[in-house]
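Below is a short briefing on a protein model.

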Amino acid sequence: MGDLRSRHVQAVVMVFALALAPHVSDLPVWVVGWCLLLWGWALAADRLGWPQPSFRVRMILLAGGLAGAMADYFPYELWRLEFASTVLAVLLGVKALELTSTRSRMASLFLAHFLVATKLLDTITLEMAVYVLAVVLLSTAAMARLNSPLSRRAALAAAGGIMLRALPLIAALFLFFPRADGGLSWRFGLARSTGFSETLSPGNLAALVRNTAPAFRVAFQGPVPPPDQRYWRGVVLWNFDGGIWRSGGQGALRTRSVQALSTVDYALTMEPHLGAWVFSLDAPVQAPDGLWLSSDLSLSVRGRVASRRTFALRSAVERHTGPPLPSDARGLRLPGDAAPRTVALGRSWSAQGLSADAAVEAAMALFRTGGFTYSIDPPAVRGDPTDGFLFGTRSGYCGHYASAMALLLRAAGVPTRLVLGYQGGELNPLGDFLTVRQSEAHAWCEVLLPDRGWVRVDPTTAVAPTRTTQGVDAMFAGSQAADQENWARDRWARALDEVSVVWDAVRYRLDPWITDLGPDAQSDLLSGLGLGPRGFGRRLAALAGAVGLAAVLILFRPWGGLPRRRATTAEKAHRVYLRFCSRLARAGLPRAPWQGPMDYAAMVAARRPDLADKAARVAAVYAGLRYGSAKPRDLVLLRRLVRRFHP
């Protein structure tokens, strides 16, 4: 690569890879392969001396990459941020083939800045913010090494100093930039679905068992309910077509209050899921402003939950839902000709004259004593899924049991609905809050009893009672339990768990003021700083002060930065001598490139005898400073001679 060191190419390609890494799951597979191939070629060309592609070849590659990006997103997704990230990745792939100069490498690193920063428009979390800042730090350090002979440690220190100077502007923009409900994620259509949905097929919840991402966090104002009472209602499902349960619509607005025997107050901070549902502990008493409480006691927002949001809720742990509503008749619908054996069994209970309570107990006894097992990987079912499970495999997850029980009780004449949500929650001892994870997704039934209203019935407790008291991990048995025991004994695993608990507590405390700062919270924060709605002048003054402070930090460099090499005495003398030559050139006496100071002085004396002595004196002092052993104080003399020289 000519006179440039190969370590620069390796550093630039490393920054490229780090900038692309958080986007890998969002980009087309061919784009990732494209980048790896071209980056590998750039590294091989640098190390092995392979020829770089010509300008024409690079343009063909660029045109092909952009055409591929357009083909993947055209015509309806060109506005999405993934398309912009794909274009940046294509550009970085081609830029790796022209890292032959400092200028091209600097431009490539700036491009990497943009690529990694776009991830913050997609995943606005503290973890991603830390990652992006780390990549920007490394990229800036790479720029520093491109422009100065610095060690790695010195380059990182210089990059840190540069980034620290931006803090005042960052703080000002963070405080004063207008916020919008829903955040940037929703504006770009980038909020991620969690896997939880408004439909349920008996086995689909098992896919969430291995997903340990948080679904929501809950802080109670009083004592935390025991594990067996931590049922988090999400969506109520009424309609079953033999394979899939569906909600059947949002339902009417609930106009009658729940008869609460005991209540709990709590703040629930929910992760974005692109749905309208809002999770609540069992039965919410009322809907806060901006929420809709349906007749089936499910909460929802008007629109979608596309950013992390916090709701102040009150729920009834012990309650009576009151007399039946006309819409409750939906709880007796059966799926046509589906599950004939299951329906026949339920109708036999009705023919025997079993009451609603007795039918519920008969279903629970069937699961408890019928040889059923609880499994996240049940065997495949032949024929009708419900009949095949209930009379065949007898192995399934919570969705299998809840679905089968709902059909049995409906056939027995007991109105039943299926509730989809979460069960459990892990208490964080540092933050005093519960974290409910995706792996704790759960399904259960609610039955309408004559004197008690809608009552929760969870068939899972008949098969795996530890599921609701000890958590989802307690359902594993045999070798899985042994594996978990070995994992618990591993010291590194325990250390990782402790770090996770600490980080979860940090996120819970900081997220409302950093990543989740909405317009209302921003207004409260500014008011607390004396910069409320009536303090426009103060806001302007604060912004001007931040800009001024940033300017001071840039000018005076209190945290260092790129070290500037001090000019030597000879270099300073040369700059002064160039001013002397410039003055003579304006007087019609230009210096030829081959002329040294003494030859130039002789030429000046020949053409302008009146300047001979002064020119000879300047040349002698300059020659001594530049080539001889003159002392630094002679530089002062040279400056004085040049300043007083007027041809």
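How do the residues of the lining of the largest cavity divide into nonpolar, polar and charged? The lining holds three nonpolar, three polar and four charged residues; Ala, Val, Leu, Ile, Met, Phe, Trp, Tyr, Cys and Pro count as nonpolar, Asp, Glu, Lys and Arg as charged, and the others, Gly among them, as polar.

This is a predicted model, in which local features need pLDDT of at least 70, side-chain atom pairs count only at pLDDT 80 or more, and totals for chains, interfaces and linings use all residues. Residues are numbered from 1 along each chain as its sequence is written, and side-chain values use heavy atoms, with hydrogens and water left out.

**Cavities**
- The structure holds four cavities of 30 Å³ or more (a cavity is a set of points on a 1 Å grid over the protein atoms alone where a 1.4 Å probe fits but cannot get out; lining residues have an atom within 4 Å of a point).
- The largest cavity has a volume of about 50 Å³, taken as the space filled by probe spheres set on grid points joined across faces, edges and corners.
- Its lining has 10 residues, and H23, D26, E82, S85 and D122 are the closest to the centre.

**Strands**
- The protein has 23 helices and 19 strands (DSSP runs, numbered from the N terminus: helices H or I, at least four residues; strands E, at least two).
- Strand β6 (residues 259–270) pairs antiparallel with strand β12 (residues 309–320) over 11 bridges (pairing needs at least two DSSP bridges).
- T269 has T310 in β12 as its bridge partner.
- Strand β9 (residues 283–284) is joined to β12 by two bridges, also antiparallel, and A283 is bridged to A316.

**Totals**
- Of the 647 residues, 45% are buried (under 20% relative accessible area, 1.4 Å probe, protein chains only).

Notes. On a 1 Å grid over the protein atoms alone, a cavity is a set of points where a 1.4 Å probe fits but cannot get out, and a pocket is an open set with protein on both sides within 12 Å along at least five of seven lines; lining residues have an atom within 4 Å of a point. Buried means under 20% relative accessible area, exposed over 50%, partly exposed in between (1.4 Å probe, protein chains only).
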